[in-house]
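Colleague: Take me through this one, please, and spell out your cut-offs as you go.

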Amino acid sequence: MARKANTEGADSAENAGRLKQIALTYKMTRRTDPKIGLVIAGVGIVTFGVVLAIGFLIDHPVYAGILGFLLAFLSMAIIFGRRAEKAAFGQMEGQPGAAAAVLDRVGRGWTTTPAVAMNRSQDVVHRAVGKAGIVLVAEGNPNRVKSLLAAEKKRMARIVVDVPVHDIIVGDGEGQVPLKKVRTKMLKLPRVLTGPQVTAANDRLRAMGDLMSNMPLPKGPMPKGMRMPRGGKMR
């Protein structure tokens, strides 16, 4: 009995957490999309009404009503998810580290390492490793990040010579990829590595280290006036 009560309590807590998360997502979306509530309600009503009308035409209104309710709920969830994602990208776009947040959402099979390269202007390169190979995602000034990408590729070339490397520059200009399309771009890359090859590449890259692990930070509070000089090393 105690085990069953604990299980039920855990399920209730998990459901409450999901409802809270949905509520927070709705509030966040409404800040940039004030009509989200009306749009979702309209989609639900129209979907239910159309299915119910078809039910009356075929003389099965009860079954059509149940089906219409389920389809209306599904339609509302889909529309809500898409508009919430659009709102989230709108709020992240232009913010430092936005690309790293997108990489965290790419999905299973990808290992991401934020800020493997950075300069004083806060242009930054993030790294993701998966079956498509290594993807370097740069955000910042297009002209400056090209040199960052070239330097990072040169650094990796000594470690992972047999792994394909792709680069993405986040932005809306020519040859760039908008933030909201970075995930889609990565998922469309051809898969050329096996699971063991991905693991081996990750192990070699970890052994090489990254910007954060190689940075010689002093112990205790950070001294005032400390800056990030050219080259990405602290002084």
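Colleague: Which exposed residues are carried by the face of helix 7 turned away from its buried side?
Modeller: Bear in mind that this is a predicted model, where local features need pLDDT of at least 70 and side-chain atom pairs pLDDT 80 or more, while totals for chains, interfaces and linings use all residues. Exposed means over 50% relative accessible area, buried under 20%, and partly exposed in between (1.4 Å probe, protein chains only). Helices (H or I, at least four residues) and strands (E, at least two) are DSSP runs, numbered from the N terminus. On that face of helix 7, the exposed ones are Pro196, Arg206 and Ala207.

Colleague: And within what arc do the buried residues of helix 7 fall?
Modeller: The buried ones are Val198, Ala201, Asn202, Leu205 and Met208. An α-helix has 3.6 residues a turn, so residues three or four places apart point the same way. Taking directions from the helix axis to the C-beta atoms, the buried residues of helix 7 line one face, because they fall within an arc of 120 degrees.

Colleague: How far apart are the end C-alpha atoms of helix 7?
Modeller: The expected span is 1.5 Å times one less than the number of residues. For the 14 residues of helix 7 that gives 20 Å, which agrees with the end-to-end C-alpha distance of 20 Å.

Colleague: What is the strand order in the open sheet?
Modeller: Strands pair if DSSP finds at least two bridges between them. Strand 1 (111-118) and strand 4 (165-169) are the edges, each pairing on one side only. The pairing is mixed, and the four strands run in the order 1-2-3-4.

Colleague: Is threonine 47 buried or exposed?
Modeller: Numbering starts from 1 along each chain as its sequence is written, and side-chain values use heavy atoms, without hydrogens or water. Threonine 47 belongs to helix 2 (residues 36-57). Its relative accessibility is 17%, so threonine 47 counts as buried.

Colleague: Which residues is threonine 47 in contact with, leaving aside neighbours within four places in sequence?
Modeller: Its side chain also reaches the backbone oxygen of valine 43, at 2.7 Å. Contact means heavy atoms within 4.5 Å. Beyond the sequence neighbours, threonine 47 contacts Leu71, Ala72 and Ser75.

Methods
Polar contact = N/O pair within 3.5 Å; in protein donor to acceptor, adjacent residues only side chain to side chain.
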